[in-house]
Amino acid sequence: MISTNNLDSIFNEGLKGLQSYGRGDFGERLLKEKQNSWGRLQESGLPTTKKESWKYTDLSTLSKKEFAPAPAIEMDVLESDPKILRGFSLDAYRLVFANGVYIPGLSHLPVVTGVSVTAFSEVIMGMNSDQIENFKKVEDTYYIKHGEASMDDLNSSLTEDGYWIRVAKNQKLDKPLHVLHLCAGESSKAWTQSPKSVVVLETGSELELVESCIGSGDHGQGYFQNVFTTIELGANARLKYSKLVDEFESGHHFGSVKCNMQRDSFFEATSVSLGGELIRNDIQVDILGEGAEAHVNGLYLTKGSQHVDNHTEIRHAKPNGLSRQLYKGILDDQSRAVFNGKITIDQEAQRTDSSQLNQNLLLSSKAEIDSKPELEVSADDVKANHGSASGPLDKSEVFYFNSRAISEDEATKMIARGFAMDVLYKQTAEDSRKYLIQFVDQIDWNV
Amino acid sequence: MSDVAQNVKKQREYKHGFITKVEVDAIEKGLNEDVIRLISQKKNEPEWMLEYRLKAFEHWQTLDEPTWADVDYPQIDFQDISYYSAPKTKEGEEAKEGPKSLEDLDPELIKTFEKLGIPIQEQKRISGVAVDMVFDSVSIGTTHKEMLDEVGVIFCSISEAVQEHPELVKKYFGKVVPYRDNFYAALNAAVFTDGSFCYIPKGVKCPMDLSTYFRINAAETGQFERTLVVADEGSFVNYLEGCTAPMRDEKQLHAAVVELIALDDAEINYSTVQNWYPGNSEGKGGVYNFVTKRGRCQGKNSKISWTQVEAGSAITWKYPSCILQGENSQGAFYSVAMTHDKMQADTGTKMIHIGKNTKSTIISKGISADGSKNSYRGLVKVLPSATNARNYTQCDSMLVGDKCAANTFPYIEMKNKTAKVEHEASTSRISADQLFYLQSRGLDMEDCIAMLVNGFCKDVFKQLPLEFSVEAVKLIEMKLENSIG
């Protein structure tokens, strides 16, 4: 097991903070949850590579780091860093966290009846009684466990902020909602932030949500973000969700998204992993109502010594569901990527239509891809298939470009971009897509 | 269904479930160093073999039983198994070095193999297959020896090979599957009792197919056989393997190791029809089939192909693999795995690409019926040295009934950018539309199903040698009877 003793002081400090203002029923519950999670984590530790789901991803360096509280936010970095500024380019309602703290000054919350968007710290501090009342409606969702148990415990015990969104029956926003988790600041020690959030879409409501995790600056030993988001989609609700991970070079990112889907709901998730030394994304979709439709897509572009691990798990528990997955990766230098996708079809989920495809383009002979598409089918009247294909650039494609006087470098860039865009064009929310493309286009393939 | 009807159904399904009454020489249940020494002594083995066994046993004791396969079964008590059981010879003497000739065999035994349809008498040369027969723990005879001798092919039991060809055995034994490989390989290395050995010399195309037939007969024994096939430069061999066991209510353990080695330009085709007793419809009895099979394409342009029809065993845990070491070497895996009633199968392959321009093909067809579970688990690994490696994998599952499960767990690990690896999998069932279409053309239900299943498995069946192919088709059809409707 991998010990988390080096996070002891961080946990205790967080607990003290909560004790100083956490009150009311949910304050008690939260406190207990934190302590229980920490207790379990002390026993289990973080998963090692002996565990099947972490076979290809090694966390042992985390326990060797020395952790300290997050450094102060440098506002001038937030306002001048090109990467972070790009994060603000999406025309949307905005909720901004930097170094784990909610920044009201940079946020722009919607004021629309039936739509509540709140930073969790505001609820804890009990600033607004309406918010507390509203939170009670999503409170149980907040405590749903998902992803790797010990990573969830790590998140639950260290979380200080996050957000919750509730869209009431048949309501929708006129613009996308953008949540930014920024990391900016200098510190000689490692630091961590663990936002934990909830999205609840009630019957017939709609939302376009973008979550960006962007890091900048020099962080010495690096930081790690551990982001957990739990989503509940009511009957006929529609959510188009994008997640961008573009951390600082030495940053570690862990993310877990869980989406529970009720009857005829629609979920479209696009994950884009760009920067960060180690990125791990878990996404788990449970189709709990008939006729629900899930599209889960991902793109990862890795360079240097990056390691990106994507795990998807789609469970069809009810009949007539549909799920589609497309995960594509371009790997350069000595980077490594992992894809582990799983489709589970329960006995009850007859007439499910499910497919999954993983494709990888290897640009360097030192890059490594580990792909593991899984199928577990217990119903007979279903369509289920998966595929995985990995290989180098097609020489005949490059030749085609060459014969039209386009250099090999240029051709490679165009082919790679086209390969990547396939995933982004699955995202039907246009604004989100354009925003993501901006980030992808910053990648320079030094072929 | 009444008990009688149930039994009738079972009898039809597993026609190899009879027990042969022969006097046996078995040792007490239990596993310890003395047992291993005793086995080694009974086989009159040289010191180096005993040492190897003891080393393996020592290592085995440090291991835990693996639990990662997607199968459920009660824990096996390794002390509750007899590790040696051999039929006595006609004179009633102990079969110390195995029977000298087929005439020495108990007529009951000969009848057994005749019942099973195995051509034990050489007069039946028409079948054109040389057979080594393994009954419980010992090889009881090998046919067509003279004819094979003429071209220099060595085909005998592994015990005989240890005595007669120690230099070959020493050179190749345990090199592809070392005893350190896994729990059951270590157990097998410690207690293996017999199996087949085959050596094809340089440039020889084996004049006939070689075959080993395994039969578990005695109760409460385990069968731990060891097969070693070596194809020297430029040689070629077709190797067939078949197996059955009686119907018994107790579980029986079968943990075999098969090693194949192909040198430059050599080719080995290894085909198996596995039909161990699968237990009754409530999952009582049956054979636990935990097998390690691996081939090494050691030389340039060598080829190894595994073709298997897995139709029996309560639990199957089997991954015939290829290590593609030589340049331009090729590995193939063709499999039909059929499960019904309470059977569980976790089977697949590993293709390890080491050499340049290596190629592998995996075609796996799984059929699950009734309340059974059928999993494909495979690994395709391309190492940095395997420039231009190529893999194509296709695994399809067919579900018959709504209480069974079909799972696919492929692992793809790629460390070379010039390699191309493709994997495809799908799951479907025999649809009502297909059945209706065929029935409307005057075929009866059973023929329709046979036809559809045949089509589904065609890519694999066509890889089998003729006799096996016919047997495999019949076997699958028979097992599927009563499952649909």
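A charge sits over a ring if NZ of Lys or CZ of Arg is within 6 Å of the ring centre and within 35 degrees of the ring normal. In this predicted model, Lys365(B) lies over the face of Phe456(B), at 5.3 Å from the ring centre. The charged end of Lys175(A) likewise sits over the ring of Tyr93(A), 5.1 Å from its centre. Residues are numbered from 1 along each chain as its sequence is written, chains are lettered from A and ligands numbered from 1 in the order in which they are written. Because the model is predicted, local features need pLDDT of at least 70 and side-chain atom pairs count only at pLDDT 80 or more, while totals for chains, interfaces and linings use all residues; side-chain values use heavy atoms, with hydrogens and water left out.

**Aromatic pairs**

- The whole structure holds 37 aromatic pairs over all chains; rings of Phe, Tyr and Trp (its six-membered ring) pair if their centres lie within 6.5 Å, and planes under 30 degrees apart count as stacked, over 60 as edge-to-face and the rest as tilted.
- Tyr52(B) and Phe173(B) form an edge-to-face pair, because their ring centres are 5.4 Å apart and their planes stand at 70°.
- Tyr52(B) belongs to helix 3 (residues 47-61) of chain B, and Phe173(B), 121 residues apart from it, to the loop between helix 7 (166-172) and helix 8 (183-191); helices (H or I, at least four residues) and strands (E, at least two) are DSSP runs, numbered from the N terminus.
- Tyr52(B) is buried at 15% relative accessibility, and Phe173(B) is buried at 5%; buried means under 20% relative accessible area, exposed over 50%, partly exposed in between (1.4 Å probe, protein chains only).
- The rings of Trp60(B) and Phe183(B) have centres 5.4 Å apart and planes at 45°, so this pair is tilted.
- Trp60(B) lies in helix 3 and Phe183(B) in helix 8 of chain B, so the pair ties together parts that are 123 residues apart in sequence.
- Both Trp60(B) and Phe183(B) are buried, and they belong to one aromatic cluster that also includes Trp68(B), Tyr288(B) and Trp317(B).

**Cysteines**

- The count of disulfides over all chains is zero, a disulfide being a pair of cysteine sulfur atoms within 2.5 Å.
- Cys213(A) is in no disulfide, and the nearest cysteine sulfur, that of Cys183(A), is 8.1 Å away; Cys213(A) is buried, with a relative accessible area of 0%.
- Cys206(B) is also in no disulfide, with the sulfur of Cys198(B) the nearest at 6.3 Å; Cys206(B) is buried at 7% relative accessibility.

**Backbone and surface**

- Most residues other than glycine have a negative phi.
- Asn99(A) has a positive phi, near 45°, and is found in the loop between strand 1 (93-98) and strand 2 (101-102) of chain A; Asn99(A) is buried, with a relative accessible area of 6%.
- Ser313(B) has a positive phi, near 75°, and is found in the loop between strand 15 (303-310) and strand 16 (315-318) of chain B; Ser313(B) is buried at 1% relative accessibility.
- Pro82(A), in helix 4 (residues 82-87) of chain A, is exposed at 53% relative accessibility.
- The C-alpha atoms of Pro82(A) and Ile330(A) are separated by 24 Å, and the two residues are 248 residues apart along the chain.
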